[in-house]
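Keep the structure open beside you as you read.

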Amino acid sequence: MKKLVHSDIVLGKPIEFSIYNEDGSLLFRRGSVIHMPDQVSRLLIRGAQYDEIETDPTVYTTSNPRPPPVLEDPPPFEHMGGLLLNLKHVLATTLKSPEQIDVTARIKKIAESVQKVCHKSVDCALAAPSVETQISYIVVHQMMGAVLTELIGQGKGLDAGQRLSLMCAALTRDLGQIKLQPELDKHPGYLPHDLLAQMRQHPQHSVELLEKAGVTDPLWLSAVRNHHEYLDGTGYPERLKGDEIPLGAKILCISDRYSAMIKIRPYRAEAYFPQNALKEIYLKKDTEIDEEIARILISKVGLLSPGTVVKLKSGEVAVVRSPTVKSDAAIVYSIYGKAGMILSPPTRRDTSQPGNEIVGLAPLSHYQNAAVSIRQVWAE
């Protein structure tokens, strides 16, 4: 096996070899296409390698040509990383020069890919935006909202087409707030009156930007317009109540709230622990949010959701891999050993066994030095 170097990858073209992690696990199959420079950087950080035999040009001749590459999606967790970068580009282009791209097609393609990742690995779909720290908050916030919208939509029995429209809405719901976000991030408490007024117009502003970019899907636009309406009529921009609020908007409302709470903000040093965020959301049932949707959210993400950092009785620090409700049934991987050293690769622990019991939660932000090890938890 040979260590991967930057020049081995040509962006946008099928790779001529399979790429493996240091432990030999497959990351990308031969023929996969890598589009984003950040994906290459992550592979290099992880010490990725490939089999030199696959690149031997003498294996194929004119009479025995190389077969066309089989294009396959990258592993789910890596796929989500690429989709985050893609979304960042599409949102920026939509704001600056929407005429340069087909916004409807590009957002739908991202939504379809997220649906595919959710089908393959809910763990990875939830974990990737949860542990992402390099891409701006508002982009990651849209992606997490899309994942949650897909999972809640499944729980509500919506068909794939309806879920796709709502995921597109989730991916673009704050388009009208992106330029305002830096100013919002300066205020940890109540917003100044003029800034609050601008913020409350972002759902309608988002719709206007989407319509200007050619989006015509009524379910998509309706969900964006009304995703800050609350059951008791205290929401905005139209103060709709109860059944006046479309189902899609109710789903986006709760996915938006949860994803905002569990991410670090410039004015908030620590994010909410998932179980605390869920508790606070559930307290708003039947006043601001729909109780059934809240219950579905809890059932999908678990009280210990993927990416939650936990402390074990042994003194190790671990990361939760899969959604779970009971701490003694959690699938966790230790990223720090008893002596405080980073474990790479991370080591699976059985929390039902003596010494491995979960005794507390810890902020993800305190363990960024172990970012590579954390990502390995979902390597496939």
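Predicted model: local features only at pLDDT ≥ 70, side-chain atom pairs only at ≥ 80, totals over all residues.

## A helix with one buried face

The buried residues of helix α12 pack against α11 (247-261) and α13 (291-301). Residues are numbered from 1 along each chain as its sequence is written, and side-chain values use heavy atoms, with hydrogens and water left out.

Which residues of helix α12 (residues 274-282) are buried? They are Pro 274, Ala 277, Leu 278 and Ile 281. Buried means under 20% relative accessible area, exposed means over 50%, and partly exposed is in between (1.4 Å probe, protein chains only). Helices (H or I, at least four residues) and strands (E, at least two) are DSSP runs, numbered from the N terminus. Seen down the axis of α12, the buried residues fall within an arc of 100°, so they line one face of the helix. That arc is taken from the directions from the helix axis to the C-beta atoms.

## The nonpolar cores

A nonpolar core is a set of buried Ala, Val, Leu, Ile, Met, Phe, Trp, Tyr and Cys residues joined through side-chain atoms within 4.5 Å. The largest one here has 85 residues, and Met 143, Tyr 258, Leu 297 and Trp 378 have the most contacts inside it. Helix α5 (residues 137-155) gives the largest share of this core, with 11 residues. There is also a second, separate core of 12 residues, and Ile 9, Phe 17, Leu 27 and Leu 43 are among them.

What does Tyr 258 touch, leaving out residues up to four places away in sequence? Its contacts (heavy atoms within 4.5 Å) are Leu 148, Pro 274, Ala 277, Leu 278, Ile 281, Leu 297, Val 301 and Ser 305.

## A stacked pair of rings

A search of the whole structure turns up three aromatic pairs. Rings of Phe, Tyr and Trp (its six-membered ring) pair if their centres lie within 6.5 Å; planes under 30 degrees apart count as stacked, over 60 as edge-to-face and the rest as tilted. One of the pairs is Phe 77 with Trp 378, which is stacked, at 5.6 Å centre to centre and 10° between the planes.

Phe 77 lies in helix α2 (residues 76-96) and Trp 378 in the segment after α14 (371-376), so the pair ties together parts that are 301 residues apart in sequence. Phe 77 is buried, with a relative accessible area of 5%, and Trp 378 is buried at 0%.

## Salt bridges across the chain

Side chains of opposite charge can pair when their charged atoms come close. A salt bridge is a side-chain nitrogen of Lys or Arg within 4 Å of a carboxyl oxygen of Asp or Glu, and a search of the whole structure finds 10 of them. Arg 42, Glu 132 and Arg 375 are linked in a network. In the bridge between Arg 42 and Glu 132, the closest N and O atoms are 2.8 Å apart. Arg 42 sits in helix α1 (residues 37-45) and Glu 132 in the loop between α4 (122-131) and α5, 90 residues apart. Arg 375 meets Glu 132 too, at 3.3 Å from N to O. Arg 375 lies in helix α14, so its pair with Glu 132 ties together parts that are 243 residues apart in sequence. Arg 42 is buried at 12% relative accessible area, Glu 132 at 3% and Arg 375 at 16%.

Another salt bridge joins Arg 349 to Glu 316, with the closest N and O atoms 2.8 Å apart. Arg 349 is in strand β8 and Glu 316 in the loop between β5 (309-312) and β6, 33 residues apart. Arg 349 is partly exposed, at 23%, whereas Glu 316 is buried, at 6%.

## Strand β7 and its partners

Five of the six residues in strand β7 (residues 331-336) are buried. Two strands pair if DSSP finds at least two bridges between them. Strand β6 (residues 317-320) runs antiparallel to β7, joined by four bridges, and Val 319 has Tyr 333 as its bridge partner.

Strand β8 (residues 342-350) also pairs with β7 in the antiparallel sense, over five bridges. Here Tyr 333 stands opposite Arg 348. β7 and β8 form a hairpin with five residues between them, and Gly 340 in the turn has a positive phi of about 85°.
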